[in-house]
Amino acid sequence: AAGEQRAPVEIRKFCEDFLGELFTYNRFTVKTNLESVVKWATPEALVQVKEAVNLAHRSELMTRNAQGVVEIRGVLITETQPVLKVQVYFQAKALSQTTEVLEEGQYQTVLLIKPIKRSQRNPHGLIVLEYRQSQFKEAQ
């Protein structure tokens, strides 16, 4: 849409918020955080997101009162036309109530994002069209 360009800082913030909602959770926020992500992705992308998150495993973690935290390590905008293509490197952890690390992983995700009209439902005015996540191994 005309005039719907997004500055790099807005794109970065959207990616941080999207992954933050996806991987930061506790038993009180797990449902509402996932509901936020639903508003920021197409149905096709949501299928990919749900596979990447592994909801069955997350439910198991929730029975152990785990909480999830995410740390964004890097955001790289690689394409801006016809849609935005963004690579994000992040670390996700599941912690016990005593903050013991139950599991952690380094990940890379590639998001295809399209600017849309800003709304109350989607104040970023960006929607994820495709979500591809993989485990990331740093060179030793």
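This is a predicted model: local features need pLDDT of at least 70, side-chain atom pairs count only at pLDDT 80 or more; totals for chains, interfaces and linings use all residues.
Residues are numbered from 1 along each chain as its sequence is written, and side-chain values use heavy atoms, with hydrogens and water left out.

Helices and strands are DSSP runs numbered from the N terminus, a helix (H or I) having at least four residues and a strand (E) at least two. Helix H1, covering residues 8-23, packs with helix H2, covering residues 30-39, at an angle of about 145°, and their axes are 7 Å apart; axes here are lines fitted to C-alpha atoms, for helices over the stretch in contact, and angles run from 0 to 180 degrees between N-to-C directions. The crossing of H1 past H2 is left-handed, a term used if the near helix is turned anticlockwise from the far one by less than a right angle. On the side of H1 the contact is made by Phe18, Glu21 and Leu22, and on the side of H2 by Thr32, Asn33, Leu34, Ser36 and Val37, where contact means heavy atoms within 4.5 Å. By class, four nonpolar, three polar and one charged residues take part in the contact of H1 with H2; Ala, Val, Leu, Ile, Met, Phe, Trp, Tyr, Cys and Pro count as nonpolar, Asp, Glu, Lys and Arg as charged, and the others, Gly among them, as polar.

Four strands form an open sheet in the order E1-E2-E3-E4, with antiparallel pairing, two strands being paired if DSSP finds at least two bridges between them. Strand E1 (67-79) and strand E4 (126-135) stand at the edges and have a single partner strand each, so one side of each is left without a neighbour in the sheet. From one strand to the next, the twist averages 25°. Strand E3 (residues 101-115) runs antiparallel to E4 and is joined to E4 by nine bridges, and valine 110 stands opposite arginine 132 in E4.

Within the sheet, glutamine 91 has its place in strand E2 (residues 84-95) and is buried, with a relative accessible area of 8%; buried means under 20% relative accessible area, exposed over 50%, and partly exposed in between (1.4 Å probe, protein chains only). The side chains of glutamine 91 and arginine 73 are joined by a polar contact of 2.5 Å, that is, a pair of N or O atoms within 3.5 Å, of which, within protein, one must be able to donate a hydrogen and the other to accept it, residues adjacent in sequence counting only if both atoms are side-chain atoms. Leucine 102, placed in strand E3, is partly exposed at a relative accessible area of 26%. Neighbours within four places in sequence aside, leucine 102 is in contact with Leu61, Arg64, Ala66, Ala94, Leu95 and Ser96.

The loop between E3 and E4 holds arginine 121, which is exposed, with a relative accessible area of 52%. Apart from neighbours within four places in sequence, arginine 121 is in contact with Val38, Lys39 and Trp40. Histidine 124 also lies in the loop between E3 and E4, but histidine 124 is buried, with a relative accessible area of 15%. A polar contact of 3.0 Å links the side chains of histidine 124 and aspartate 17.
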